[in-house]
Amino acid sequence: MELIVKINHFNDLYILSNADSYLLSNKDFSYRFDESFNKAKIISAVKYCHKNNKKVYFLINKIFKNKDLEKLETFIKFLINEKIDGIFFTDFAVYMIAKENNFNSHCYFCHETFLRNSKDIKTYQDYGIENVICSKDMNINDILNLQEEKKDNYGIICFGYYMLYESERKIISNFTKNHNINQEINNSKELYLKEETRDEKYKVLQQNGISSIFDSKVLSYLSYTKTLSKNINMFIIDALFFDSKYIYEVIDLFKRSLLEDNLDERLKELDPSIDFTDGFLMKRVGLM
């Protein structure tokens, strides 16, 4: 099992030493991040990780327009030249550019909703896209139908706040403007939405004109790691909204989960204020 952490800051490379790999972001190519890793930091991260026998991946989950493609191609060539271990992509333009540079075997199709069952995944693999990250609403039975001999080609987000909604509507800045609230909070990670008739608080984030709303509960597959690891090798922990010390303990629990059972109570003890969910893992989307 390869434990990959989508980190918040460069120093997490040192703090989260118990992770196997790290996933980096950049404001021009990624959504939903904390620190934007510029080229200098990417170079340093790759050198540090490879020196310490760890992998480093890059998240390119934006959707690009024609005017963006030249900049995108230059950046992907930079990543390849600096020996990045892989690219997690959403837009197929990323894959095609990587393929033109003989790097497509190191690309992982990562989409919130497109990879919901084993047939979806087989369809993309038939088109030559071998590596996929299962969507957050993929059912466990479909995961267990994935080919065990190809487990190194499969990944899944196993921990973190997962996104419910994404839009170009500027939810936060429109709200602060209309209510004469200090605009400085527009980029805050501490904001949430609460409906009048519900108690749940949904985290909300606005970056580069894109608004994202997250579930009120934290997704955790801790109880299922041992089972899922038969068909999936890459387990991704999203550290967004968490501090590094907490994530370090979470990583440790996921590693222990391959050998130990009943670690959910220990997870709850790390922060009793957090509510957890297994999402749609044990139920199919649209079915009760």
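Start with the second largest pocket, which holds about 420 Å³ of space. Keep in mind that this is a predicted model. To centre your view there, select Tyr31, Lys62, Ile63, Lys65 and Asp68: of the 18 lining residues, these are the closest to the pocket's centre. Now colour α3 (69-81) and β8, the elements that give two or more residues to this lining. Switch to colouring by class and you'll find 9 charged residues in the lining, along with 6 nonpolar and 3 polar ones.

Next, hop over to the largest pocket, with about 510 Å³ of space. It has 27 lining residues, and the ones to pick for its centre are Arg32, Asn61, Cys110, Glu112 and Ile157, the closest to it. For the elements giving two or more residues to this lining, highlight β6 (131-134), β7 (154-160), β8 (163-167) and β13 (234-238). By class, 15 residues of the lining are nonpolar, 6 are polar and 6 are charged.

Last stop: asparagine 8, in the loop between β1 (2-6) and α1 (12-15). Is asparagine 8 buried or exposed? Its relative accessible area is 4%, so asparagine 8 counts as buried, the cut-off being under 20%. Show its side chain and look for two backbone oxygens: that of alanine 239 lies 2.9 Å from a polar atom of the asparagine 8 side chain, and that of phenylalanine 242 is reached at 3.2 Å.

How values were computed: Residues are numbered from 1 along each chain as its sequence is written. This is a predicted model: local features need pLDDT of at least 70, side-chain atom pairs count only at pLDDT 80 or more; totals for chains, interfaces and linings use all residues. Side-chain values use heavy atoms; hydrogens and water are left out. On a 1 Å grid over the protein atoms alone, a cavity is a set of points where a 1.4 Å probe fits but cannot get out, and a pocket is an open set with protein on both sides within 12 Å along at least five of seven lines; lining residues have an atom within 4 Å of a point. Grid points are joined across faces, edges and corners, and a volume is the space filled by probe spheres set on the points. Helices (H or I, at least four residues) and strands (E, at least two) are DSSP runs, numbered from the N terminus. Ala, Val, Leu, Ile, Met, Phe, Trp, Tyr, Cys and Pro count as nonpolar, Asp, Glu, Lys and Arg as charged, and the others, Gly among them, as polar. Buried means under 20% relative accessible area, exposed over 50%, partly exposed in between (1.4 Å probe, protein chains only). A polar contact is a pair of N or O atoms within 3.5 Å; within protein, one must be able to donate a hydrogen and the other to accept it, and residues adjacent in sequence count only if both atoms are side-chain atoms.
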